[in-house]
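Work through the exercises below with the sequence and the model open. Each task is followed by a solution in steps.

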Amino acid sequence: MKLKSLYRCQQCGFQAPKWAGQCPDCEAWNTLVEEVVSVGKEKSRPCARPRAAASSGVVRLSQARGKALERVPTGIGELDRILGGGVVCGQVLLLAGPPGIGKSTLMLQAAGRLAARKVLYVSGEESLSQVADRARRIGLGDCDLALASETELGRILEAVAEVKPGVIVLDSIQTVFRPELSGGPGTVGQVRDCAAELLREAKASGAALFLLGHVTKEGAVAGPKVLEHIVDTVLQFAAEERQQLRVLRAEKNRFGPTSEIGLFEMTEGGLREVLDPSALFLEEHSSRPAAGRAVSVTLEGSRPILVEVQALVTPTHTPLPRRMATGLDVNRLFVLVASLEKHLKLRFDAYDVYINIAGGLRVKDPALDLAVCLAVVSSARDTPLPAGRVFIGEVGLLGEIGRAGRLAQRLREAERLGFKRAVIGARAGAELAKSGAVTALKLSRAADIPGAVEAALRDFGE
Ligand code: TYD
Ligand code: MG
């Protein structure tokens, strides 16, 4: 094989024909590393064009329609939800996350459920006995899995040819290397080249390919970032503040949604799906009312989840009052505090305001605004909000309470968990009545912030 070399920046992936001290693209220093590129590789690549196509490869859209995607459920509900029902033949997925989060555990559990599809689990990080040990610990002792502890790409491809798996798990992409390339395992060149080779293999054989990749807090290690554009699906596994809680999100998904989240808890016996997140997040919510606490229903993808917003408003001891938010965008807090100042004629300039979403979930849903506002007011006035109430609605700059998507679904979830009354926007309430949705919750409709505060605190004698 004829070899040619080039220099690739380990930071941004830029290719330079000559070595330089500084990357011309991202301007990082000492990041160019020599890489050997094989020439003539193109010729040996399998031709992906459909045979029936015209010689130029151009076809009509009507002719290009493929068969309906066949989905294979992984059997892990929280994972399937994110994938849109399961993995698709030939789908290449990147599962990225910090070390120790549970990537290997999750994939081994999924491999166990997918065993009927013939799974090849390749670990470059652990020995076969370590993998087997872990499998036993999570109850997959007698599962029929093909295991390999291998890091060299050629050997991995040989294993794939031998096993002919329907599902390939590679743990992790950073350990795989091709000896022909000069960079060590984990360098941009190795990661990209090995992933591309495996991807070709997966697309050709129709196997689903899971690539596991580590990201450090600084995102420094080459790997997941450079793969994002070549894979079909990028799954991010992250630990939220609550130690055992793990949140899986799809950042990119060619075959499914990206709005869904999957929730897991790390236990002695592996990852356990969180089937009732509302109950989990309200676990610490005692029925005893406390100043600064307000409950809302957030929508994560298609799933409504009850969350408790906690606010602490205290006199400030610094020239600039502090605004801190855990689980919520702090800029949103700035806007909401400004809105409260304007519309309730309150002054927060001598007060620090802290917000926390209990349970450690990070929430972007604007329907949480109202609960944030009421938690702040409740803490500022040192007055608990009556128990059994939820607050759902976006708060606009003019102080109006806006709508919340899928309100009926949110209300049903609050009802299920024993809540009695919901404070919602006036328009949202009218639309709900028109849609004919039935809820056993009593509804208080508020047009604006002052109205919502009044409704939130009013004693209905319930
Ligand atoms: P692991 O899947 O090895 O993480 P990653 O592949 O992302 O690096 O799991 C990491 C942690 O999970 C490890 O510290 C041990 C813990 N763990 C449990 O608590 N229970 C279990 O059943 C397993 C398998 C792991
Ligand atoms: Mg691992």
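**Exercise 1.** Find which side chain makes a polar contact with the side chain of Asp232, and give the distance.

*Solution.* 
Step 1. In this predicted model, the side chains of Asp232 and Lys203 are joined by a polar contact of 2.6 Å. A polar contact is a pair of N or O atoms within 3.5 Å; within protein, one must be able to donate a hydrogen and the other to accept it, and residues adjacent in sequence count only if both atoms are side-chain atoms.
Step 2. A polar atom of the Asp232 side chain also lies 2.8 Å from the backbone nitrogen of Val92.
Step 3. Locate Asp232 in the chain: the residue sits in the loop between helix H8 (224-227) and strand S11 (233-239). Helices (H or I, at least four residues) and strands (E, at least two) are DSSP runs, numbered from the N terminus.
Step 4. Is Asp232 buried or exposed? Its relative accessible area is 2%, so Asp232 is buried. Buried means under 20% relative accessible area, exposed over 50%, and partly exposed in between (1.4 Å probe, protein chains only).
Step 5. List the surroundings: beyond its neighbours within four places in sequence, Asp232 is in contact (heavy atoms within 4.5 Å) with residues including Gly90, Lys252, Asn253, Arg254 and Phe255.

Conventions: residues are numbered from 1 along each chain as its sequence is written, and chains are lettered from A and ligands numbered from 1 in the order in which they are written. As the model is predicted, local features need pLDDT of at least 70 and side-chain atom pairs count only at pLDDT 80 or more, while totals for chains, interfaces and linings use all residues; side-chain values use heavy atoms, with hydrogens and water left out.

**Exercise 2.** Describe the shell around ligand 1 and state which element gives the most to it.

*Solution.* 
Step 1. Ligand 1 is surrounded by 16 residues (each with a heavy atom within 4 Å), and the closest are Gly100, Ser104, Thr105, Thr267 and Gly270.
Step 2. Take the polar pairs, each with an oxygen atom of ligand 1: a backbone N or O atom of Gly270 at 2.7 Å, a side-chain N or O atom of Arg134 at 3.0 Å, and a polar backbone atom of Ile101 at 3.3 Å.
Step 3. Alone, ligand 1 exposes 550 Å², of which the protein buries 74%. Accessible areas come from the Shrake-Rupley method with a 1.4 Å probe; for residues, only the protein chains shown count as cover.
Step 4. H4, helix H5 (128-137) and S13 each give two or more residues to the shell. H4 gives the most, with three residues.
Step 5. Helix H4 (residues 103-113) is mostly covered, with 10 of its 11 residues buried. Among them are Lys103, Ser104 and Thr105.
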